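Please examine the sequence and the three-dimensional structure shown below. The report that follows describes how its parts pack together.

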Amino acid sequence: MSERFEAGKAGKDRKGTPRICVVPCSGIGKSYGSVTREAAYVVTEELRPEATQIVPLSLLVLGDADAQAAVRAAPVITLDGCKLACASVNVRQAGGTVAQEYAVLDFYRQHRDLKPQGIAELNEGGLALARALAEEIAATCDQLDAPEEPQHA
C-alpha cells in the first residue's frame, strides 16, 4: 500500500528521490472531481505506490508549509475536474512545477463511452474512466521517473 501524504514527512521513493506528487481536484459534489480522486488513489495505491504520493489540494489552498514543500521538491501531476484548473493553479502558486496536467473533461471527450455519474459512489463508467486516466498517469510517472539519458556532444 502506498504512503499517503503526511504533514512533515515528504515521501521518498526507493532511490531516495522525492515521490512524484499527484494533486487531484477537490471538486466535492461533482462527478468529474470524484473521477480525479479515484484516479489518484488507483495510481498511488495500486499502479505506482513506490513512486507517488497524493498531496491534498486543500492543504495547498490553506497554505500548509509541508504540502508546499512537497510540491516544490518533486515533479507534480495535477488532475483537474473543471476548467478552473484549481489543482494546477494552486501548485504553481505554492511554487511547484507542474510536470503534467490532466483535465478530466478533456480526457472524457476521448472516452465518451465511459460517462461518469454519481458523486459519493461513481458508476461503472466513472470507475472505468478513472482507471483509464490512472493508467495514463502511471505511464507519465514512468517517464518522469526514468533515468535521464546522457547528452552526447
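## Packing in a predicted model

The structure holds 1 aromatic pair; rings of Phe, Tyr and Trp (its six-membered ring) pair if their centres lie within 6.5 Å, and planes under 30 degrees apart count as stacked, over 60 as edge-to-face and the rest as tilted. Tyr 32 and Tyr 108 form this tilted pair, at 6.1 Å centre to centre and with 50° between the planes. The pair links distant parts of the chain, since Tyr 32 lies in helix α1 and Tyr 108 in helix α5, 76 residues apart. Helices (H or I, at least four residues) and strands (E, at least two) are DSSP runs, numbered from the N terminus.

This is a predicted model, in which local features need pLDDT of at least 70 and side-chain atom pairs count only at pLDDT 80 or more, while totals for chains, interfaces and linings use all residues. Residues are numbered from 1 along each chain as its sequence is written, and side-chain values use heavy atoms, with hydrogens and water left out.

Several residues are buried, a term that means under 20% relative accessible area, with exposed over 50% and partly exposed in between (1.4 Å probe, protein chains only).

| Residue | Relative accessible area |
|---|---|
| Tyr 108 | 10% |
| Thr 140 | 9% |
| Cys 21 | 0% |
| Cys 25 | 11% |

A nonpolar core is a set of buried Ala, Val, Leu, Ile, Met, Phe, Trp, Tyr and Cys residues joined through side-chain atoms within 4.5 Å. Of the 22 residues in the largest such core, Ala 39, Ile 77, Leu 79, Leu 129, Leu 133 and Ile 137 touch the most other members. Two or more residues each are given to this core by β1, α1 (31-47), β3, α5 (104-110) and α6. The largest share, 6 residues, comes from α6. A second, separate core of 14 residues includes Cys 21, Ala 70, Val 76 and Ala 87.

Contact means heavy atoms within 4.5 Å. Leaving aside neighbours within four places in sequence, Leu 129 is in contact with residues including Val 35, Phe 107 and Tyr 108. Thr 140, found in helix α6 (residues 124-145), is in contact with Ile 77, Gln 100 and Tyr 102 when neighbours within four places in sequence are again left out.

The structure holds 0 disulfides, a disulfide being a pair of cysteine sulfur atoms within 2.5 Å. Cys 25 is in no disulfide, and the nearest cysteine sulfur, that of Cys 82, is 6.0 Å away.
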